[in-house]
Amino acid sequence: MRIRARHYCTGQRVDVVCEHGRIFSVGSATELPADREAGWVAPALFDLQINGCGGHSFNSENSTPDSVRHVVDVCHDHGIGGMLATVITNSFAAMAHGLATILKARAQDPVVERAIAGIHLEGPYLSPEDGPRGAHPRQHIRPPDWDEFQQLQHAAGGLIGLVTLAPELDGALDFIERLTKKEIVVAIGHTSARGPCIRDAIRAGARLSTHLGNGSHAMLPRHDNYIWEQLAADELWASLICDGHHLPPAVVRSIVRAKTPARIILTCDASSLAGLPPGRYREWEQDIEVQADGKVMLSGTEFLAGSGVFTDRCVANVMRFAGLGCREALEMAIDRPRKLLGLPERRLKPGELANLILFEKDEATGFRLVETLILAGG
């Protein structure tokens with residue numbers, strides 16, 4: 001396959017020739033017939049927090065390998081070539097089932113295996129307080145338990161590579177140290193921790209703030225609060241949900257300026273309701289509302305319940321919100337998550353896997369996905 005477009009890094013018009021699922025050559029555009037032609041070309045996106053979509057959840061007791069494949073296929077349509085399947089707070093039985101189903105789906109389906117690089121465990125070791133808890137069901141919130149985690153990791157076949165937790169919980173700091181020794185990335189999230197506790201968590205090995213600015217109280221002290229503390233910590237990277245609902249543009253711009261794009265990871269945090277029409281749904285043992293503008297809310301509250309959009313929308317939004325160029329925004333959704341997780345970074349060069357996105361630089365949004373080409377591994 002010969003693809004002709006502008007290189008997302010250099011802006012030069014190039015021919016990307018792919019053979020047997022890998023990039024064979026990248027060179028100046030020729031006069032030869034192209035199989036695909038577009039404005040721009042880049043490696044496919046990678047999102048470290050995909051909970052599901054279209055009514056399918058990685059966390060459901062009813063999840064099946066087919067539902068896992070459905071999520072992967074929809075994500076591919078939105079430019080996401082790789083991801084961490086995210087399992088959130090639930091009963092042990094439900095979480096173990098979700099983890100085992102992901103493992104089974106990867107074993108049965110090479111498309112799923114190549115797309116799902118690992119698992120993000122978001123909970124159940126989170127703050128029980130309203131606000132920081134977000135949409136995580138209170139009845140299943142619990143303190144860190146190393147024996148339980150080992151059982152969950154066993155169910156996942158060792159795929160859990162990222163854990164989000166609240167460091168103020170009893171035993172959390174020791175838990176962080178144990179995870180770090182296992183080379184599992186630890187993220188601070190859904191927390192009500194004070195500054196000293198956050199600094200202790202960093203010393204114990206925490207490296208990421210999960211969706212910084214969200215999973216928090218509606219009202220905070222203006223100076224002494226956990227958002228400022230994490231924002232000021234150079235040791236912490238930050239993931240941001242730039243769906244247009246979780247964070248206003250000025251906050252996105254401020255966080256990007258403080259952390260710099262080198263320490264920002266874009267995530268859509270797509271919920272199991274992403275892509276569904278407006279209406280009321282039952283999910284996570286709670287009533288959830290998808291509003292007409294795509295916002296996903298816990299019914300009757302001011303709290304969000306994941307996102308209703310995908311990573312391609314977040315790339316376009318962060319460009320507008322933070323005044324970033326296309327390359328900077330894409331690197332936050334291609335290279336940064338892989339680097340944090342210790343995965344091979346993707347480049348447009350010979351020998352790389354041929355998982356690509358074609359896009360246009362739209363005057364209104366700055367980025368518009370045209371097509372995803374998954375010709376090899378995710």
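Author: With a pocket: the second largest pocket has a volume of about 340 Å³. The model is predicted, so local features need pLDDT of at least 70, side-chain atom pairs count only at pLDDT 80 or more, and totals for chains, interfaces and linings use all residues. Residues are numbered from 1 along each chain as its sequence is written, and side-chain values use heavy atoms, with hydrogens and water left out.

Reader: What is a pocket?

Author: On a 1 Å grid over the protein atoms alone, a pocket is an open set of points where a 1.4 Å probe fits, with protein on both sides within 12 Å along at least five of seven lines; lining residues have an atom within 4 Å of a point. Volume is the space filled by probe spheres set on the points, which are joined across faces, edges and corners.

Reader: How much space lies in the largest pocket?

Author: About 660 Å³. Its lining has 35 residues, with G213, N214, G215, S216 and L304 nearest the centre.

Reader: At what angle do the axes of helix 5 and helix 6 cross?

Author: Axes are lines fitted to C-alpha atoms, for helices over the stretch in contact (heavy atoms within 4.5 Å), and angles run from 0 to 180 degrees between N-to-C directions. Here, the axes of helix 5 (residues 172-181) and helix 6 (residues 195-204) cross at roughly 25 degrees and come within 8 Å.

Notes. Helix = DSSP H or I, 4+ residues; strand = E, 2+ residues; numbered from the N terminus.
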